[in-house]
Amino acid sequence: MPRPISATIHLAALHHNLARSRRAAPDAKVWAVVKANAYGHGIERVFEGLRSADGFALLDLEEAQRVRGLGWRGPVLLLEGVFEPRDLELCSRLDLWHTVHCDEQIDWLAAHKTNTGHRVFLKMNSGMNRLGFTPESYRSAWARLNALPQVDEISLMTHFSDADGGQGIAAQMACFAEVTRDLPGERSVSNSAATLRHADAVAASDWIRPGISLYGSAPDYPEHSSAAWGLQPSMTLASKIIATQSIDAGASVGYGSKFVAQSPMRIGVVACGYADGYPRVAPTGTPVLVDGVRTRLIGRVSMDMVTVDLTPVPNAGMGSEVTLWGYASNGSVLGIDEVAHSVGTLGYELMCALALRVPVQVVD
Ligand SMILES: *Cc1c(COP(=O)(O)O)cnc(C)c1O
């Protein structure tokens, strides 16, 4: 028998979450963001659930080829554009739309030999200070692109640093609106958080770019839960109990003897560890479901195992179902955001970290 851990991808949840994004921005087209192998889900596995999107956005050329390989003839956008001149050949051949965020990418385009005009998304650095032209240089970059025979159509984009809370998006929105006011072309500004939280960003979007919300995680947890946003988890990570121990008060569990029992207790050993993508830094108290009942992780996460408190589930034992995140068989749900929060990270990181050795099944 294979080791009992497995992940499940829920197509109906992906479909539902995409519809939720559309409801938030009924007049916009939707880029389904599938970078990082669809946030760890697997591009091929999510494709059916997301194929009603208007396009797929990602950043690896290899992933773009896989999307084309699935038969997708619609728009595909490279969110970071090309990394070297010869990438443009693939853009021409596969009709990939690409972001242009720096002068070098314009130089490469100007030198690129092609019969098909490229659709480019010109990126403004409106305050994130990662990729994009400064507001001062944006219009001259636009003019340069506009003069190139290689360029068919220019769209305008920027990315928010604080759409999920904190200082919000007002300053970046104002900057983008001011610099682009009279430029023609479609606009794309909204990630998941901006789509769900900021109607003004949605109003300024011809294309929205939801990622994390498609996968059923709230972009602004704990201010909002995924349920509060009407999102459904698209990934379950489940395993089983492979051993139990009854320990006395004062006994410790796991490497470093970090957990010490306060009273006699039963614990379960679960076939899931950091080599499966479960975070090693998850502390005692991290929520977990056993037979659909909420309990907690205890002691250190090791490579192939974690240990859980069976006090709330006295009937659990060998073979009992353990839900690390997602859906239990009894219908209970453990949100990935709650697990991530307890670990001090985000749902994004947990889903992206799902290890190759975990078998994955896709269900409707
Ligand atoms: C990843 C990414 C997104 C999606 O962000 P989420 O927070 O997952 O919705 C949108 N736009 C760009 C440019 C990105 O890199």
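## Two domains

In this predicted model, the centres of domain 1 and domain 2 sit 37 Å apart, going by C-alpha atoms. Domain 1 covers 11–215, and domain 2 covers 235–363. Where they touch, domain 1 puts in nine residues and domain 2 puts in 10.

## The interface

Interface size is often quoted as the accessible area lost when the parts come together. Here domain 1 and domain 2 bury about 860 Å² between them, with 71% of that on carbon and sulfur atoms. On the domain 1 side, Tyr 39, Arg 45 and Ile 212 do much of the work: they supply 51% of the area that domain 1 buries against domain 2, more than any other three residues.

Helix H1 (11–24) and helix H2 (35–39) are the elements giving two or more residues to the domain 1 side. Sorted by class, that side of domain 1 has six nonpolar residues, two polar ones and one charged one.

## Around the ligand

The ligand has 13 residues around it, and the closest are Lys 35, Tyr 39, Ser 192, Ile 212 and Tyr 348.

Now for some atom-level distances. A polar side-chain atom of Tyr 39 is 2.5 Å from a ligand oxygen, while the side chain of Lys 35 has an N or O atom 2.7 Å from an oxygen of the ligand. With Arg 209, the ligand atom is a nitrogen, 2.8 Å from an N or O atom in the side chain.

Methods:
Residues are numbered from 1 along each chain as its sequence is written. This is a predicted model: local features need pLDDT of at least 70, side-chain atom pairs count only at pLDDT 80 or more; totals for chains, interfaces and linings use all residues. Side-chain values use heavy atoms; hydrogens and water are left out. Domain bounds come from an automatic or database domain assignment. Contact means heavy atoms within 4.5 Å. Buried area is the accessible area (1.4 Å probe) that two parts lose on being put together, summed over both. Helices (H or I, at least four residues) and strands (E, at least two) are DSSP runs, numbered from the N terminus. Ala, Val, Leu, Ile, Met, Phe, Trp, Tyr, Cys and Pro count as nonpolar, Asp, Glu, Lys and Arg as charged, and the others, Gly among them, as polar. A residue is near a molecule or strand if one of its heavy atoms lies within 4 Å of it. A polar contact is a pair of N or O atoms within 3.5 Å; within protein, one must be able to donate a hydrogen and the other to accept it, and residues adjacent in sequence count only if both atoms are side-chain atoms.
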